[in-house]
Each structure stands twice: as C-alpha cells, then as structure tokens.
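Here is a short tour of one protein model. Keep the sequence and the 3D view open as you read.

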Amino acid sequence: MTTGTGRPLRADARRNREKILSAAVRVFAEDGLEAHLERIAKEAGVGSGTLYRNFPTREALIEAAYRNELSRLCDAAPELLATMPPREALRAWMGRFIDYATAKLGMADALRAVVDSGVNPYAHSRELMMTALTSLLDAATAAGTIRSDTSPGDMFAALTGVALASGKPDQRDQAERLLDLVLDGLRYGTAG
C-alpha cells in the first residue's frame, strides 16, 4: 500500500487505514446513509483528521471500504491454498465469500450512493472473484477432491444464491449449512 506520492505507507498509517475501513463496513451496515463519519473514526480509534486525510469524502470511504472487502476475499485464495488442502481451502474461501456478501449487503444503500455519484465501485469485482474461485476449483479438481465438471460460473452462482438467501448476520448458521451442502454436491460424481 502506498501514499499518493508512491511512497509506502508507514506501518502505523497502514494499521489506521485498515481500522478505519473495518469500522466503516460495520457502521455503514448498521446505519446506512445516516452513518456519521465521526462515529467511524471513534470506532476505529483514530481522530477525525486521520479519517479525512485518508478519505476526503464519504464516497471515497465507502468505495475504499468495499474494495478492501473485495481484496480481502480475493487475496485469501492463494493464502488458503498455501496453508490448507485444496478442498478445505475452497470451503474456507466460501465462508469468506459469505462474509464479503454480508458486508456488501449491509452497505447496499451507501454503495448505491457511490454509484449515483458516478463512481462504479464494482468495476472488475466479478473478474477478480472469478480468478480467485478458479484457482481454488482448479486446485481441488487436480487433487481429485471435487468433481471435474464444476465451472467457476456455476460455483459463483451457487455462492451468490446462498448469500442472497442467507446473507444476513443472523442467518450465518444457515449459510454455513448451505455452503456445506454445496461443497458436498461437488464431491460426488465425475464429468462425462
């Protein structure tokens, strides 16, 4: 992560930025467009000046919070594959997809306001998620732990369906059960 001048952010500045983005997701999910930036700064444990230095407008903060959630999801794929067997990595990523979808659904009103301002926070989102999902599916297929006829598009549709049906925080237990059912469906049968 770099500053606007191309210099890397100091470790404390990077931590503050992450705390602000995490707090923003929570507060926008709870309060929607009525969210106060001062509350976000307080929950992040930073001053308002720090928040505004990083994010000069509400829209910039909302967009950055969304993109941070997307990056956390997509960046998790290689990390999970490096530390877990492929099928377990896929299942862990599926849970993270629900975390991402829950955050996105919670921020829906705030994200609509960003879109209305002429910014598209979703540019390249699907492409990035499909790349991450493809790597996980390819690894699990190569390991022989999921069926070989599973397309990334179908898997993405299944995950989106689970998120739409059970993407609220109070539905997490149901979402986990549905993810297990989806993964179990990938285990049995083979292509052709």
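Where does α4 bend, and which proline follows within four residues? The bend is at Ala76, by about 35 degrees, and the proline is Pro78. A bend at a residue is the angle between axes fitted to the seven residues ending there and the seven starting there.

This is a predicted model: local features need pLDDT of at least 70, side-chain atom pairs count only at pLDDT 80 or more, and totals for chains, interfaces and linings use all residues. Residues are numbered from 1 along each chain as its sequence is written, and side-chain values use heavy atoms, with hydrogens and water left out.

**Helix α4**

Helices here are DSSP runs (H or I, at least four residues), numbered from the N terminus. Helix α4 covers residues 58-83, which makes 26 residues. From first C-alpha to last, α4 reaches 37 Å. That is close to the 38 Å expected at 1.5 Å a residue; the expected span is 1.5 Å times one less than the number of residues.

**The core**

The largest nonpolar core has 56 residues. Such a core is a set of buried Ala, Val, Leu, Ile, Met, Phe, Trp, Tyr and Cys residues joined through side-chain atoms within 4.5 Å. Buried means under 20% relative accessible area, exposed over 50%, and partly exposed in between (1.4 Å probe, protein chains only). Phe28, Ile40, Leu61, Leu90, Trp93 and Phe97 have the most contacts inside this core. Helix α4 gives the largest share, 11 residues. In soluble globular proteins, nonpolar side chains tend to be buried together.

Take Ile40. Contact means heavy atoms within 4.5 Å. Not counting residues up to four places away in sequence, Ile40 touches several residues, including Ile20, Val27, Phe28 and Leu61.

**Helix α6**

Which residues of α6 are buried? They are Ala110, Leu111 and Val114. These residues lie on the same side of α6, because they cover an arc of only 100 degrees around the axis. The arc is that of the directions from the helix axis to the C-beta atoms. Their cover includes α1, α4 and α5. After α6 comes Gly118, with a positive phi near 100 degrees.

Thr141 sits in helix α7, and Asp184 is in helix α9.

Leaving aside neighbours within four places in sequence, Thr141 is in contact with Ile146, Arg147 and Ser148. The C-alpha atoms of Asp184 and Phe28 are separated by 35 Å.

How values were computed:
Helix = DSSP H or I, 4+ residues; strand = E, 2+ residues; numbered from the N terminus.
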